[in-house]
Amino acid sequence: MQIHDCNFTPLKRKLKNQLIDIKKHIENVIANLDQNSSCLLNELDLVRTKFLEAEAISSTYYLNCFLFPFTSKYQEIAKSIYHLSQKNLGALIVIQREDPLDSLITPGIPLSAEITSPLLESIFVPGSPLHDGAVLVRKEMIISAANVLPLTAKTYGDRKLGTRHRAAIGLSEISDALVLVVSEETGRTSFCMKGTLYPLSITSP
C-alpha cells in the first residue's frame with residue numbers, strides 16, 4: 001500500500017514514540033534473560049499489548065490517509081466504525097473514490113444526508129429498516145443505505161468469510177472503492193481495497 005501526499009504528523013509521531021517504547025521493553029527483556037527473579041511472561045505480555053496499541057495507531061493513520069482525499073468527514077466515519085465495533089454491530093460502508101459505482105451495486109434507499117457519526121451508527125442498529133446491506137458514501141454525503149454489493153467468487157481455503165466481507169471484497173475487485181466492514185460476530189473491523197481485506201484496529205476517538 002502506497003500513501004501519497006498524506007501528512008498526519010501527530011499520528012506518525014505517536015506511532016514513532018510507541019515503537020521506541022516497544023524497543024526499550026524488548027531490550028529490557030533481553031537484558032533480564034539471565035535473571036531468574038525477572039518474570040519474562042509479564043514483560044512479553046506488556047510488549048504484546050504495546051504492539052497491539054501500535055497496530056491501532058497505524059490503522060487509524062492509514063484509514064485517515066485513504067479517506068481524506070475523498071471526504072472531509074473521515075473523522076466522523078472513523079468514529080462511527082470505532083463505536084460500532086465496541087457494540088458488536090455489523091456494518092458495511094462504501095466510500096466512493098474515483099470510479100462511479102451506480103452500475104456496480106443494487107441501489108437501496110436514498111438518504112442524501114450529511115455524514116455524522118450518530119447517523120451512521122443509527123443506520124446499523126439491528127431492527128432498523130436500513131441496517132441490512134451497505135451504506136454508500138460520496139464526498140461529505142451518505143447517498144443511500146441498504147445497498148446490495150456484488151459478492152466475490154474467490155475462496156479462501158478453510159477460512160470462512162461472512163456475507164459482509166465477501167461483499168466488501170467483491171466490490172473492491174471491480175472498482176477503486178474503499179469498503180469498511182464491522183463483523184457482527186466479533187466486532188472486528190476491516191477495510192478492503194483492490195480485492196484485499198486488511199485488519200483495522202481504530203484508536204478511541
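Colleague: Which residue forms a salt bridge with D102?

Modeller: A salt bridge here is a side-chain nitrogen of Lys or Arg within 4 Å of a carboxyl oxygen of Asp or Glu. For D102 the closest N and O atoms of such a pair are 3.4 Å apart. The partner is R138.

Colleague: And how many residues apart in sequence are the parts that this pair ties together?

Modeller: Keep in mind that this is a predicted model, where local features need pLDDT of at least 70, side-chain atom pairs count only at pLDDT 80 or more, and totals for chains, interfaces and linings use all residues. Residues are numbered from 1 along each chain as its sequence is written, and side-chain values use heavy atoms, with hydrogens and water left out. Helices (H or I, at least four residues) and strands (E, at least two) are DSSP runs, numbered from the N terminus. D102 sits in the loop between strand 1 and strand 2 while R138 is in strand 3, so the parts tied together are 36 residues apart.

Colleague: Is E121 buried or exposed?

Modeller: Buried means under 20% relative accessible area, exposed over 50%, and partly exposed in between (1.4 Å probe, protein chains only). E121 meets K87 in a salt bridge (3.7 Å, N to O). K87 has a relative accessible area of 52%, which makes it exposed. E121 comes out at 13%, so it is buried.

Colleague: What about R48 and D45, in which helix do they lie?

Modeller: Their side chains meet in a salt bridge too, at 3.1 Å, N to O. R48 is partly exposed at 47%, and D45 is partly exposed at 39%. The two are 3 residues apart, about one turn of the helix, and both lie in helix 2.

Colleague: R97 has no salt bridge, so which side chain of opposite charge is nearest?

Modeller: Lys and Arg count as positive and Asp and Glu as negative, with His and the chain ends not counted. R97 lies in the loop between strand 1 (91-95) and strand 2 (109-114), and it is buried. A polar atom of its side chain lies 2.8 Å from the backbone oxygen of D176. The nearest side chain of opposite charge is 4.6 Å away, and it also belongs to D176.

Colleague: How far does helix 3 reach from its first C-alpha to its last?

Modeller: Helix 3 covers residues 74-86, 13 residues in total.

Colleague: Last one: which residue just after helix 3 takes a positive phi?

Modeller: Within helix 3, the buried residues include Y74, I77 and L84. What covers the buried ones includes helix 4 (117-123) and strand 5 (178-182). Just after the helix, phi is about 55 degrees at N88.

Note on methods: A polar contact is a pair of N or O atoms within 3.5 Å; within protein, one must be able to donate a hydrogen and the other to accept it, and residues adjacent in sequence count only if both atoms are side-chain atoms. The expected span of a helix is 1.5 Å times one less than its number of residues. Contact means heavy atoms within 4.5 Å.
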